[in-house]
Amino acid sequence: MKERFLPIGSVVMLNGGKKEVMITSYCIFPIDSEIKDGKQVPAERKMYEYGGCIYPEGILDSNVSCAFNHDQIAEILHVGYETEKQKQLSQILNTSYEKYKEKYESEGTLE
């Protein structure tokens with residue numbers, strides 16, 4: 001099984017990125033629009049492994065965040081706070097993410 005789901009607060013550099021990104025959430029699916037190739041486009045029905053914000057600035061606007069997958073991480077700069085609860089959550093996400101991603105992307109629901 002491919003391990004992913006770094007702890008919240010981890011700071012990474014994405015492939016081709018110019019600013020560091022801090023992980024703020026898991027299992028993100030854009031609902032309105034997203035930026036592709038520098039242009040705003042309607043959101044695809046797609047689930048991403050992580051949500052994040054630029055670092056060190058943080059969330060400057062509640063409408064601006066980024067969504068990305070583990071394979072888009074070029075470098076892990078800092079690993080966030082790890083506890084037993086976080087490790088348990090990571091294990092749950094690692095074993096269930098693909099099932100929920102497939103269901104959401106094909107049916108548009110997680111139920």
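**Entry 1**

I began with valine 12. Leaving aside its neighbours within four places in sequence, I found valine 12 in contact with Leu6, Glu20, Val21, Ile23, Phe68, Ile73, Glu75, Ile76 and Leu77, where contact means heavy atoms within 4.5 Å. I note that the model is predicted, so local features need pLDDT of at least 70 and side-chain atom pairs count only at pLDDT 80 or more, while totals for chains, interfaces and linings use all residues. Residues are numbered from 1 along each chain as its sequence is written, and side-chain values use heavy atoms, with hydrogens and water left out.

I then looked up the largest nonpolar core, which has 14 residues. Such a core is a set of buried Ala, Val, Leu, Ile, Met, Phe, Trp, Tyr and Cys residues joined through side-chain atoms within 4.5 Å. Buried means under 20% relative accessible area, exposed means over 50%, and partly exposed lies in between (1.4 Å probe, protein chains only). Val12, Tyr50, Phe68 and Ile73 have the most contacts inside the core. At least two of its residues come from each of β1, β2 and α1; helices (H or I, at least four residues) and strands (E, at least two) are DSSP runs numbered from the N terminus. In soluble globular proteins, nonpolar side chains tend to be buried together.

**Entry 2: the sheet**

I traced an open sheet of five strands in the order β6-β5-β2-β1-β7, with antiparallel pairing. Two strands pair if DSSP finds at least two bridges between them. β6 and β7 are the edge strands, each pairing on one side only. On average, neighbouring strands of the sheet are turned by 45° against each other, direction ignored. α1 packs on the sheet and touches β2 and β5, and its direction makes about 60° with that of β2. For such angles, axes are lines fitted to C-alpha atoms, for helices over the stretch in contact, and angles run from 0 to 180 degrees between N-to-C directions.

Next I examined β5. Seven bridges pair β2 with β5 in the antiparallel sense, and tyrosine 48 in β5 is the bridge partner of isoleucine 28. β5 and β6 are antiparallel and are joined by three bridges; here glycine 52 stands opposite cysteine 66 in β6. Because six of its eight residues are buried, β5 is largely enclosed by the rest of the structure.

**Entry 3: salt bridges**

I searched the whole structure and found two salt bridges, each defined as a side-chain nitrogen of Lys or Arg within 4 Å of a carboxyl oxygen of Asp or Glu. One joins the side chains of lysine 19 and glutamate 57 (2.8 Å, N to O). This pair links distant parts of the chain, 38 residues apart: lysine 19 is in the loop between β1 (11–14) and β2 (20–28), and glutamate 57 is in the loop between β5 (48–55) and β6 (66–68). Lysine 19 is partly exposed at 36% relative accessibility, and glutamate 57 is partly exposed at 37%.

The side chains of glutamate 84 and lysine 87 also meet in a salt bridge (3.9 Å, N to O). Both residues lie in helix α1 (residues 84–107), three residues apart, about one turn of the helix. Glutamate 84 counts as exposed at 55% relative accessibility, whereas lysine 87 is partly exposed at 43%.

**Entry 4: histidine 70**

Is histidine 70 buried or exposed? I placed histidine 70 in the loop between β6 and β7 (73–78). Histidine 70 counts as buried, because its relative accessibility is 17%.
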